[in-house]
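Biologist: Before I rely on any description of this protein, I would like to hear what stands behind each term. Could we go through them one at a time?

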Amino acid sequence: MTQGWLTTEAGAPVADNQNSETAGAGGPVLVQDQLLLEKLAHFNRERIPERVVHARGAGAYGTFTVTADLSRYTRARFLAGIGKETEVFLRFSTVAGNLGSADAVRDPRGFAVKFYTEDGNYDLVGNNTPVFFIRDAVKFPDFIHTQKRDPYTGSQEADNVWDFWGLSPEATHQVTWLFGDRGIPASYRHLDGFGSHTFQWNNEAGEVFWVKYHFKTDQGIRNLTQDEANRLAGEDPDSHQRDLREAIERGDFPSWTVGVQIMPAADAATYRFNPFDLTKVWPHADYPVIELGRLELNRNPRNVFAEVEQSIFSPAHFVPGIGPSPDKMLQGRLFGYGDAHRYRVGINADHLPVNRPHATEARTYSRDGLLYDGRHEGAKNYEPNSFGGPVQTGRPLWQPVPVTGVTGQTEAPVHAEDNDFVQAGDLYRLMTEEEKERLIANLSGFIAKVSREDIAERAINNFRQADEDYGKRLEAAVQALRG
Ligand code: HEM
């Protein structure tokens with residue numbers, strides 16, 4: 001902001017910003033004091049609705065650089081050619097807490113990346129976990145209600161959390177992950193990111209591949225124990241946000257090595273796990289992670305509200321060469337985010353500086369709405385037209401894929417080795433003895449807070465089905481805590 005006289009919003013010089021205008025020095029305030037009224041009214045409207053999930057977060061700009069040429073799998077131009085650079089904005093977040101909650105908590109971390117490509121913005125709205133609690137979007141609002149505040153007590157309740165997880169056995173894998181060591185990252189710099197869903201890549205020849213993205217932290221994984229986190233959350237609720245900003249300020253730019261697992265389309269039907277089931281990983285032995293690039297964060301936002309709070313990310317923001325898979329969660333998300341943005345930030349949210357394309361321009365015939373900036377000037381607002389306005393390309397961003405069957409509300413197809421427990425059990429068996437002890441302590445401490453025996457027992461039974469030893473130790477630990 002330039003120096004000079006303080007002004008009103010309309011630019012008139014302000015004479016006195018310390019005293020309201022009154023009728024006599026000790027008298028009541030006059031309605032003609034427009035500076036006072038304007039300031040109070042503007043202040044009342046400073047907040048916009050916080051995100052219904054992932055409200056608490058921090059963001060930074062940076063650069064994505066291609067380190068391996070995978071253009072035989074995708075025609076996405078920002079991925080073509082070693083050394084090619086694309087500007088990015090990445091927002092990290094927790095999921096359940098409100099805007100003012102603490103950073104050092106046990107919760108997945110959001111890992112949302114916006115690539116400002118020459119073909120428009122590509123958003124990858126993932127987490128620091130490769131899987132999720134549920135596999136169908138229709139369950140998402142119910143799930144989140146159990147993570148948020150109970151309508152009667154106004155607090156998060158162990159009863160609700162474990163009731164839902166007990167009744168949703170597909171959550172067992174992600175819950176095992178969350179209560180293990182990686183459940184509380186030490187900072188935003190010391191965690192991995194995942195696209196989590198399966199996405200479509202398609203190449204110039206029109207061939208289709210299914211891919212999963214991995215962002216491996218170059219800082220190394222670092223986590224907090226429950227006790228360390230409890231202390232830090234009290235002492236410095238902004239710990240993660242501060243750590244990220246300060247690292248960038250001192251030039252210690254965090255980076256991630258980006259890779260993809262690539263599955264030829266023909267494999268999908270017979271793969272041992274349903275490749276579109278978000279509760280499952282593709283073991284690396286089946287599909288290795290192939291290096292793709294490097295992502296570095298190197299610039300802090302200048303204004304947190306404008307660039308972080310008003311930033312919007314949508315899983316539906318694709319670019320040529322990349323598209324959705326039939327993952328039911330992803331399909332639901334394709335609707336959910338744009339709708340949230342229109343509600344939370346408004347119909348012109350896409351045109352704010354942090355959200356608009358940076359390496360190209362948006363050319364649409366949509367117009368007006370709240371806070372429209374007139375960027376189209378006098379151009380025609382309909383298409384087709386005879387005035388040289390923007391025209392369609394005739395080439396979809398992604399390739400068509402075959403579908404079969406009849407319509408209906410049915411469960412996702414189950415593949416040869418699919419069940420709700422197999423990968424949770426595999427994860428448990430991979431842990432060292434010390435890791436298992438911490439996992440059991442973390443889980444039992446929370447389950448012991450459940451007030452109803454049947455809810456606790458149903459929850460424990462899911463872990464028993466994942467691995468006999470897992471269930472037995474958890475049951476004993478919960479009983480010991482309940483006394
Ligand atoms: C059907 C399931 C889901 C629905 C309906 C849903 C919905 C939402 C909504 C409405 C927001 C707030 C958006 C905003 O106000 O800007 C959000 C944020 C977010 N979600 Fe989801 N979500 C789902 C599943 C997931 C999954 C599976 C992941 C990760 C793999 C994920 C990652 C995120 C992230 C990272 C954000 C924060 C984005 C940001 O930083 O602005 N969500 N979600």
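Predicted model: local features only at pLDDT ≥ 70, side-chain atom pairs only at ≥ 80, totals over all residues.

Biologist: What makes Thr225 partly exposed?

Modeller: Partly exposed is the class in between, where buried needs 20 or more such atoms and exposed 12 or fewer; Thr225 has 13 other C-beta atoms within 10 Å, and therefore it is partly exposed. Thr225 belongs to the loop between strand E7 (208–217) and helix H5 (226–235), while 85 residues in sequence and 32 Å in space, C-alpha to C-alpha, separate Thr225 from Gln310.

Biologist: Turning to the strands, how do you know that E3 is largely enclosed by the rest of the structure?

Modeller: Buried means 20 or more other C-beta atoms within 10 Å, and nine of the nine residues of E3 are buried, so E3 is largely enclosed by the rest of the structure. From E3, residues Arg109, Phe111, Val113, Phe115 and Thr117 point one way, whereas Gly110, Ala112, Lys114 and Tyr116 point the other way, and all are buried.

Biologist: What makes E3 and E4 a pair of strands?

Modeller: Two strands pair if at least two bridges are found between them, and E3 and E4 have eight, in the antiparallel sense. Ala112 stands opposite Val125 in E4, Phe111 has Gly126 of E4 as its bridge partner, and a hairpin of two residues joins E3 to E4.

Biologist: Which other strands pair in the antiparallel sense, and over how many bridges?

Modeller: E2 and E3 pair in the antiparallel sense over eight bridges, with Arg91 opposite Ala112 in E3. E1 and E2 run antiparallel and are joined by nine bridges, and here Gly59 stands opposite Arg91 in E2. E1 also pairs with E9, again in the antiparallel sense, over six bridges, and Phe64 stands opposite Leu295 in E9.

Biologist: Now to the helices: how do you know that the span of H11 agrees with its number of residues?

Modeller: The expected span is 1.5 Å times one less than the number of residues; for the 14 residues of helix H11 (residues 453–466) this should be 20 Å, and because the end C-alpha atoms are 20 Å apart, the two agree.

Biologist: Which residues of H11 are buried, and why are they said to line one face of the helix?

Modeller: The buried residues of H11 are Ile455, Ala456, Ala459, Ile460, Asn462, Phe463 and Ala466. Seen down the axis of H11, they fall within an arc of 140°, so they line one face of the helix. In general, an α-helix has 3.6 residues a turn, so residues three or four places apart point the same way. Glu453 and Asp454, on the other side of H11, are exposed.

Biologist: What covers the buried residues of H11?

Modeller: The cover includes helix H3 (158–167), helix H4 (172–178), helix H9 (422–430), helix H10 (433–447) and helix H12 (468–482). H9 has buried residues too, namely Gln423, Ala424, Gly425, Leu427 and Tyr428, and these pack against H4, H10, H11 and H12.

Biologist: Finally, which residues come nearest to the ligand, and which element gives the most to the shell around it?

Modeller: Of the 27 residues around the ligand, His54, Arg91, Gly110, Ala137 and Ser196 come nearest. H8 gives the most to the shell, with eight residues, and strands E2, E3 and E4 together with helix H8 (328–344) each supply at least two. The shell divides into 12 nonpolar, 11 polar and four charged residues.

Terms used
Residues numbered from 1 in each chain as written. Near = placed C-beta within 6 Å. Helix = DSSP H or I, 4+ residues; strand = E, 2+ residues; numbered from the N terminus. Nonpolar A, V, L, I, M, F, W, Y, C, P; charged D, E, K, R; others polar. Arc of directions from axis to C-beta. Contact = placed C-beta atoms within 7 Å.
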